[in-house]
Amino acid sequence: MHSDFSLYLASSTQIDSDHPAVRARAAALAAGATGDAAIARRCFEFVRDEIAHSWDYQRNPVTCRASDVLQHGTGYCYAKSHLLAALLRANGIPAGLCYQRLAVGEVGPPFCLHGLNAVYLQDFGWYRIDARGNKPGVDAAFVPPREQLAFPVLAAEERDLPEIWPEPLPQVVAALTRHATVHDVAAHLPDLQMLPK
């Protein structure tokens with residue numbers, strides 16, 4: 001994790017927080033909210049509840065860039081985390097990307113990376129949130145300082161990766177940009193051994 005907050009506030013290719021549509025949505029979500037935690041909660045709940053998880057809903061197109069996720073209203077967990085980071089950054093709240101290594105099914109192998117976020121809140125410091133979208137058996141929430149993520153790390157091969165990245169991992173971007181459909185992505189999910197050394 002970098003100590004320079006500017007990296008977690010910057011707009012970039014995938015986290016395009018300076019895109020007009022992203023800025024407009026961020027401003028609408030922040031309207032009338034008092035404090036960074038209230039704004040962050042609204043951004044989190046919007047992405048969790050209003051952006052469809054691509055696999056849950058079997059919805060194309062495959063999205064990666066935050067503005068595309070917003071435009072099409074769908075994304076894998078990784079893409080949803082890009083949009084949430086962009087909305088938070090557009091509101092001046094530092095946000096980064098986190099990953100877990102989880103079994104693809106109930107137990108592994110295979111395993112894959114799962115994308116989520118960390119947000120820096122003035123009263124709590126870095127706080128992890130998971131906006132992948134709730135469903136039966138998944139109940140992620142914004143209840144700082146307590147984490148309530150979508151998935152626990154259970155098996156020995158699973159991991160909670162401690163890093164807070166300012167930018168998406170290259171293999172995550174590759175999975176979302178090199179495959180044309182939701183099913184293509186599902187067949188090529190990124191995993192831990194693909195992490196940069």
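1. Helices (H or I, at least four residues) and strands (E, at least two) are DSSP runs, numbered from the N terminus. Since 6 of the 8 residues of H6 (residues 170-177) are buried, the helix is largely enclosed by the rest of the structure.

2. Before going on, a word about the model. This is a predicted model, in which local features need pLDDT of at least 70 and side-chain atom pairs count only at pLDDT 80 or more, while totals for chains, interfaces and linings use all residues. Residues are numbered from 1 along each chain as its sequence is written, and side-chain values use heavy atoms, with hydrogens and water left out.

3. Next, have a look at the largest pocket, which has a volume of about 700 Å³. It is lined by 26 residues, and the closest to its centre are Ala103, Val104, Gly105, Lys135 and Phe151. Helix H3 (54-57), helix H5 (77-90), strand E3 (95-103) and strand E4 (111-121) each supply at least two residues of this lining. E4 gives the most, with 3 residues. For the terms: on a 1 Å grid over the protein atoms alone, a pocket is an open set of points where a 1.4 Å probe fits, with protein on both sides within 12 Å along at least five of seven lines, and lining residues have an atom within 4 Å of a point. Grid points are joined across faces, edges and corners, and the volume is the space filled by probe spheres set on the points.

4. Glu158 deserves a visit. You will find Glu158 in the loop between strand E7 (146-148) and strand E8 (159-160). Glu158 is buried yet has no salt bridge, and the nearest side chain of opposite charge, Arg101, is 8.2 Å away. In this count Lys and Arg are positive and Asp and Glu negative, with His and the chain ends not counted. A salt bridge is a side-chain nitrogen of Lys or Arg within 4 Å of a carboxyl oxygen of Asp or Glu. What Glu158 does have is a side-chain polar atom 2.9 Å from the backbone nitrogen of Ala103. Leaving aside neighbours within four places in sequence, Glu158 is in contact (heavy atoms within 4.5 Å) with residues including Arg101, Leu102, Ala103 and Phe111.

5. Now to the salt bridges, of which a search of the whole structure finds 7. One of them joins the side chains of Arg132 and Asp56 (2.7 Å, N to O). Arg132 lies in the loop between strand E5 (125-129) and strand E6 (141-143) and Asp56 in helix H3, so the pair ties together parts that are 76 residues apart in sequence. Arg132 is buried at 5% relative accessibility, whereas Asp56 is partly exposed at 29%. Asp56, Arg132 and Lys135 are linked in a network of salt bridges.

6. Asp49 and Arg48 meet through their side chains in a salt bridge (2.6 Å, N to O); Asp49 is partly exposed at 43% relative accessibility, and Arg48 is buried at 14%. Arg65 forms a salt bridge with Asp68, the closest N and O atoms being 3.4 Å apart. Arg65 counts as partly exposed at 32%, and so does Asp68 at 24%.

7. His53 belongs to strand E1 (residues 52-53) and is buried, with a relative accessible area of 7%. Apart from neighbours within four places in sequence, the contacts of His53 are Thr74, Gly75, Tyr76, Cys77, Lys80 and Arg132. His53 and Leu176 are 123 residues apart in sequence and 13 Å apart in space, C-alpha to C-alpha.

8. Finally, some backbone details to check by eye. The peptide bond from Asn60 to Pro61 is cis, with omega near 5°, and Pro61 sits in the loop between H3 and helix H4 (66-72). Gln58 also lies in the loop between H3 and H4; its phi is near 50°, a positive value in a residue other than glycine, and Gln58 is partly exposed at 38% relative accessible area. Another cis peptide bond runs from Pro144 to Pro145, with omega near 10°, and Pro145 is in the loop between E6 and E7.

Key. Buried means under 20% relative accessible area, exposed over 50%, partly exposed in between (1.4 Å probe, protein chains only). A polar contact is a pair of N or O atoms within 3.5 Å; within protein, one must be able to donate a hydrogen and the other to accept it, and residues adjacent in sequence count only if both atoms are side-chain atoms.
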